[in-house]
Amino acid sequence: MIKIRNLCKSFQRPGEVMLKVLHEVDFSVDEGEFVAIVGPSGSGKTTLMNILGLLDRPDSGEYELQGKPVAKLSPEERARVRNEAIGFVFQQFHLLPKTTATENVELPMLYSARSDADIQKKAREALCRVGLEERLTHYPSELSGGQQQRVAIARAMVNDPSVILADEPTGNLDQKSGRQIMKLFRELNRNGSTILLITHDNAVANAASRIVHIDNGQLTEARMQVAS
Amino acid sequence: MNEIRLIQSSFRNLARFKLRSFFMSIGVAVGVATLIAGNSLGGGAAQKISDQIDRMFGPGTLLIGSVELKLPDLQAVAEQMDQVVAYAPRLMMGEKGIQYAGTNEQAGVSGFSANADYVWNRSVIDGRYISNRDVDRAERVALIGTKLKETLFADADAIGEEIQIDSVPFEVVGILDPLGIDPHGDDRDMDVYVPISTAQRRLVNSDVIGNGKLVVSDADAVDQDADQVAEILRDRFQIAEGEPDTFRIYTSKFAGQAAVKAKRMLSVYVMLAAVVVLLVAAVVISSIMLVVVRDRIAEIGLRKALGATRRSIAMQFLCESTMVSLIAGVAGIVLGLGIASVIAQRYEIPVNPTLLAVSLAVLASVSVGILSGIIPARRAASLDPVESLR
């Protein structure tokens, strides 16, 4: 599903020394896996996620998504891959304000070639799968944090992506809502979704079936868990 | 994103931020309204001016004006020029006090001859015109304009009633054709016409008439005729070689050109004003859109993460600015027509909006929208998704 080899990425801010964020990273995720990447802030985990999500490009190294090399695609091709193969869940939810839950979930499909009827049907189905069938026409301001993140998850999976990338999905939630969100991820994973979770919180990471540690731009496989 | 979704989402965004959309549309609406109102009235106003010039001049006519001009001068011109078909003097006495049954009014009084209804192109709608007998006997009879009639008599019959002009009693014998406001701004429906002989003897006590009008047989030859008239008058007024004329001659041709020129000037100024307003509108939309882009950085980043290409982001903002401008343009057309019809009613000008102006207005608002959207759209499209989502 995801295979990266020798991936390097460094940043240089003006007046500062070159900062190697990712250094010769090798990493792979198989279809149907639920992987957590755990690391402290500044460990390079968000940069890794941006590269995996095709929002950013590596300086060098290879990246294969579903068997196709994607590291050197043009911006337009990367946009299409993001649309079709990747679902994002962010810490800050990133829902459009003054826009209903359904319309928010419809958003990624507006950039695809789906018919309007198909879009509406899929958005409704996705919101039902995350347990928000009662909140279809609510605005984000009328939803709790946990509900907003559910809308975001519905949006991430509505296009049937190859992988869902979740960056600190519980970071802005209280413990109870956070646990419910992790429960939802596990459910989705059981139903076949490949999920890649990034967090600094070991407790959150424990929901995953495999945990990878990241520190100073290098990955170390922590332990293998028996798939729950 | 396909076109229909693009338009739908633009509409939704504009509807979500109504106040901002309103501010963005004002400039274009005002600019387009100016264009449309100016055009619909400009054409009408120019039409009215040229109609009135036609009425006052008529084709193939010459108007002579001089402080020396007397009736025998006019007769001499007519006798020496075979092409003069008819002629009639006019003695303008300016505003005089008119009294009737305790009501006082100021009105422009002029003296005319019996054939002036033909030569000066204005007859009566009620009663009778000045007759030869009136002129021969210097009768104290008067024709009054419709508005003066209304002011003095309201709904009552004016014919046969006695009014006073500078305390001289006159009998009203006719009501003049309505003419409206002339290009000088004078209300011609407040006119009073009296026989020229009566005017000379009873009101001004002078044999100077001031104006004369000639109707000639060939409308295209008025300029040559004017030269001939000038020659005769210089001779009669004994103006030495090299001295300037003490009279002026206007031809129907000259008046026609003046009307065309006035119309052109009017439309140029209106166009210029509209263009300036629209340019300002473009700057306003552009700067508001830049703020919108900055406001929606997170949204842009998100849309990019969800699969929006640079092109579809650019199109989204371009579409929004074009949409708001187009809607504003349509509102401006309606507003402009509204303003035009109010003014038209007030000044009795025909409203004739041209299809060209309406299409031009639509084109202008679309162009303003696209033009003002370019910079914000480019800025939005070039945002880095990683930075925007931070």
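Predicted model: local features only at pLDDT ≥ 70, side-chain atom pairs only at ≥ 80, totals over all residues.
Residues are numbered from 1 along each chain as its sequence is written, and chains are lettered from A in the order in which they are written. Local features need pLDDT of at least 70, side-chain atom pairs count only at pLDDT 80 or more, totals for chains, interfaces and linings use all residues, and side-chain values use heavy atoms, without hydrogens and water.

At the interface, 26 residues of chain A are in contact with 22 residues of chain B (heavy atoms within 4.5 Å). The two chains bury about 2200 Å² between them, with 60% of it on carbon and sulfur atoms (accessible area, 1.4 Å probe, lost on putting the two parts together and summed over both). Three salt bridges are counted between chain A and chain B (a side-chain nitrogen of Lys or Arg within 4 Å of a carboxyl oxygen of Asp or Glu). One of these joins Glu103(A) to Arg12(B), with the closest N and O atoms 3.4 Å apart. On the side of chain A that touches chain B, two or more residues each come from helices H2 (75-85), H3 (101-110) and H4 (116-129) of chain A (DSSP runs of H or I, at least four residues, numbered from the N terminus). The largest share, five residues, is given by H3(A).

In chain B, Ser372(B) lies in helix H12 (residues 355-381). Ser372(B) counts as buried because its relative accessibility is 2% (buried: under 20% relative accessible area, 1.4 Å probe, protein chains only). Beyond its neighbours within four places in sequence, Ser372(B) is in contact with Ala282(B), Ile285(B), Ser286(B) and Ser321(B).

Note on methods. Buried < 20%, exposed > 50% of the residue type's maximum accessible area, 1.4 Å probe, protein only.
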